[in-house]
Amino acid sequence: MTPLLAVQGLSKQFGGLVAVQDVSLELAEGEILGLIGPNGAGKTTLFNLISGALAPSQGRILFAGQEITGLPPHRICALGIARTFQIARPFARLSVLENVRIGAFLRHPHPDAAEARAREIVARMGLDPYRDVPASALTTAGRKRLELARALATGPRLLLLDEVMAGLTPTESQEFVALVRQIREEGITLLVIEHVMKAIMSLSDRVAVLHHGELIAVDPPDVVARDPRVIEAYLGEEFRASAA
Amino acid sequence: MNHRQRLLQDYARLAAVALPLLAVPFLVDPFLVSLAILTLYWAYLGNAWNIMGGYAGQFSFGHAMFYGIGAYTSTMLLLRFQVSPWLGMLAGAGLAALFGAGAGYLLFRFGVRGHFFALGTFALAEMLRLIAAETEFINRSIGVHIPLIRGDSWWRLQFERTQGNYYFVILGLFVLGMAVTIGLHRSHLGAYFQAIRENEEAAAALGVDVLRYKVYAVALSAALTAMGGSFFAQYFLFIDPTLAFGVSVSVQILLRPIVGGVGTVWGPLVGALLLTPLAELTRAFVRTPPPSLEFLRGRSGVDVMIYGALLILVILFIPDGLVGAGRRLWGRLSPGPRGGRRPS
Amino acid sequence: MDRRLLGLFGGLALLALVGLGVGPTRIEAWFAANSVVLRQAMVTGLLIGGVYGLVAMGLTLIFGVLDIINFAHGALLTVGMYLTFLLYDRFGVDPYLAVPLVGAALFLFGGLVQRLIIHPARNAPPHNQLLLTLGLALFIENALLVAFTATPRAIRLPYERDPIGIGPLVVDFPLRIWGTTITLPKLAAFVFALLLTGALSLLLQHTDLGKAIRATAQDRVGARLVGVDIHRIHLVTFGLGTACVGAAAALVLPFLSVDPQVGNTFNITAFVIVVLGGMGSIPGALLGGLLIGLTQELSVVFAPGSTKLLGVFLVFILALLFRPQGLLGRRL
């Protein structure tokens, strides 16, 4: 079976700085793949490459067997890859509903259909009470939900989540884990960058570890947690701390 | 409420504003009619600017380029080829849209944004002015007169006897422009424009072809602005490079929507309702100043000086314009959290 | 980037083709016939370019530190010119003596403007700040129109044609070198403008104030962390920027008549220079000033009958498209 997403030998240099180095990765349909690594490991750069915000220096990206390397972001989104931003980028002066509607227009050109779809997603994300307030009025947790809601509204097959749980309280991130699981139930494949170790380990089918732009492991969570290279590179104290 | 109902409601509001206005030429004296013509004319132009500068957030400092293209196109077609200004207006709109799309595409494609985009549009308008002043075909910097005709002619869009007809023409244009904005405001196009204004990267990540929609915004705004230029040429019966492409045209065009409220449907009209009579009052004041201000008699510049001061005050104290300030005040006065849609 | 270079080379190739089409001998003949005009244009262009550099330096300084495009820059120049005119007309103050006076006056005026108008809107979106300075420009320009009417005013130096002795050397004015004519006011403006530009660069490089200004330009937050009073730096920088136009105003009045609109051309030219030389770059401003001075004068020679600004705008659009970071990038 063709993997939903295949990244082949992907590299990105900024000037002399190597941000992503020869990364190859495959995602099966319906999978949740966690992506971890220390700060500056190149996780967000990898997202930017897959979503088309950046063009790779070398390598190819295939989505459902189709080459998407170097396509502009809106084309990639139209093909079925949606993303969230690490630092939420709400359309500040538009209402929450209007924000989500922008995403919904992609598959529902008629305003009524887009609005209905947007309402549905807003309700599911628990944003109903804030439906008509400007997005600038949301709290951090609210903005994270809005990011996710907007991305979902584009009707993706693959969803890239960039630290949607960072800065949330434990209760809030538990709710998020439940949300993400539910999204997978609908048949959406997920690639998730996360710093909250407990969440990522319980959520992911497999975990990929980036270190200095290189992929050093792609394994089930329990294997990754025991992998000496990973512990060496990154997990070390942090994982032991969260396991304790 | 579904989309169609909302649209109908907005159009009903527009009709409620526009229909009573039809009576104006029958009720007031000619001076007030000419004031009303100017007010609607500036509201119309402000609305056209607002599509690009307000909704799509592509701040234009050189809208005179589109305006001038419209003014010269209809005028030259009329003078050289006897084409009706109505057709000339459409031709000018098409030409301005093409020019705007081309210029916009170049600037956007090369990543000219924010400050630099504003400066770029400014420079383009100035270039057109300088080129116009050197072009023999349009009589260089001397300008072009549209010959007077006796009586009224709808075909030639010239009314010697019934000035009020100009009023109906500009009222029609104004309603057309507002109808376009309302349609836009309620459609995915308008939503995309606003998303681009708020955050281009986020919009692109949600499947919005940012470059394409920015170019659409420029083309649409350019076409409407050019039609205003054609109207002015027919009303004033004279056009020269400064009247067509001058900096003051660009400034005047953006002044009303800024004062009224950028990116709101009614902002340009509100701004025009305030500023245009203000300008006329100032001019009247300078013609016959009170004794204490005798030195102002006949001096030009007072009106624009007031514009300048007003612009500063508005930006400093009500940056979202009169409509925005009004909304905030309304929000504070009305009890409880505001449910339902935000008013347009 | 590749696309930009491609465009640039494509343009050059096109020019070369046009050149071949016209024919090398005809081009040579044209140059021979116009050599004096060309030389004069180059000299005049360089001389005025020095003043443009000074004006642009003020603009680039303000942009580099406050991140504001000051649309009122030209209008402030007009203020400076009227001030110089009044000083000369009422009190007989020599315009070159007026350079420090008008510079200081404009420094204060600039500081006032910054505190009253720019500072309160420091967190507003960029186009609102642009509009603020535009409103200021409209206000100033038209206040001057009300006060002085549109009649141009000029002054004429009584010693404009006197010979000047430098040591044993006596120089006659207007100076004739290399088949060109150089008048005293233009030469003086050029020399003083270069001196002031140099002085300001030294100030920025070597004084504590200059270091604080550069630190603020590079990293506002960082500068605050190491104890720089950002608000004061903004005030002083804006004042310095407007002092530049004040000095320039006094320098140009002996050869340029003043009317309320005179600043517009300078304003536009300064924008072009700043974009060309690199926003926030002091050497870029000077280099850009000289280049634009040349472009402006030469464009009249190559396209007779056209206005000086046409070539300038062409350069501007090209610079925006092909080298938006400017010739020298941003280095303050």
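Buried area is the accessible area, taken with a 1.4 Å probe, that two parts lose on being put together, summed over both. The structure described here is a predicted model, in which local features need pLDDT of at least 70 and side-chain atom pairs count only at pLDDT 80 or more, while totals for chains, interfaces and linings use all residues. Residues are numbered from 1 along each chain as its sequence is written, chains are lettered from A in the order in which they are written, and side-chain values use heavy atoms, with hydrogens and water left out.

Between chain B and chain C, about 3,800 Å² is buried, and carbon and sulfur atoms give 83% of this area. On the side of chain B, F110(B), H115(B) and L119(B) lose the most area to chain C, together 18% of what that side buries. Helices and strands are DSSP runs, numbered from the N terminus (helices: H or I, at least four residues; strands: E, at least two). At least two residues of the side of chain B that touches chain C come from each of α5 (85–109), α6 (114–132), α12 (247–260) and α14 (302–317) of chain B. Of the elements on this side, α6(B) gives the most, with 12 residues. By class, the side of chain B that touches chain C holds 28 nonpolar, 5 polar and 4 charged residues. In this division Ala, Val, Leu, Ile, Met, Phe, Trp, Tyr, Cys and Pro count as nonpolar, Asp, Glu, Lys and Arg as charged, and the others, Gly among them, as polar.

With contact defined as heavy atoms within 4.5 Å, 37 residues from chain B and 43 residues from chain C take part. Across this interface the rule finds 0 salt bridges, a salt bridge being a side-chain nitrogen of Lys or Arg within 4 Å of a carboxyl oxygen of Asp or Glu. There are 2 residue pairs in polar contact between chain B and chain C, both residues of a pair being at pLDDT 80 or more. A polar contact is a pair of N or O atoms within 3.5 Å; within protein, one must be able to donate a hydrogen and the other to accept it, and residues adjacent in sequence count only if both atoms are side-chain atoms.

Chains B and C share the most contacts of the 2 pairs of chains in contact. In the interface of chain A and chain B, 26 residues of chain A are in contact with 24 residues of chain B. The area buried there is about 2,200 Å², with 60% from carbon and sulfur atoms. The count of salt bridges between chain A and chain B is 3. E115(A) forms a salt bridge with R6(B), with the closest N and O atoms 3.2 Å apart. The side of chain A that touches chain B has 11 nonpolar, 5 polar and 10 charged residues. No contact joins chain A and chain C, and their closest C-alpha atoms lie 13 Å apart.

Two residues of chain A were examined for backbone phi. A64(A), in the loop between β4 (58–63) and β5 (66–67), has a positive phi near 50 degrees and is not a glycine. A64(A) counts as partly exposed because its relative accessibility is 38%, where buried means under 20% relative accessible area, exposed over 50% and partly exposed in between (1.4 Å probe, protein chains only). E163(A), in the loop between β7 (158–162) and α6 (170–185) of chain A, also has a positive phi, of about 50 degrees. E163(A) is buried, at 7% relative accessible area.
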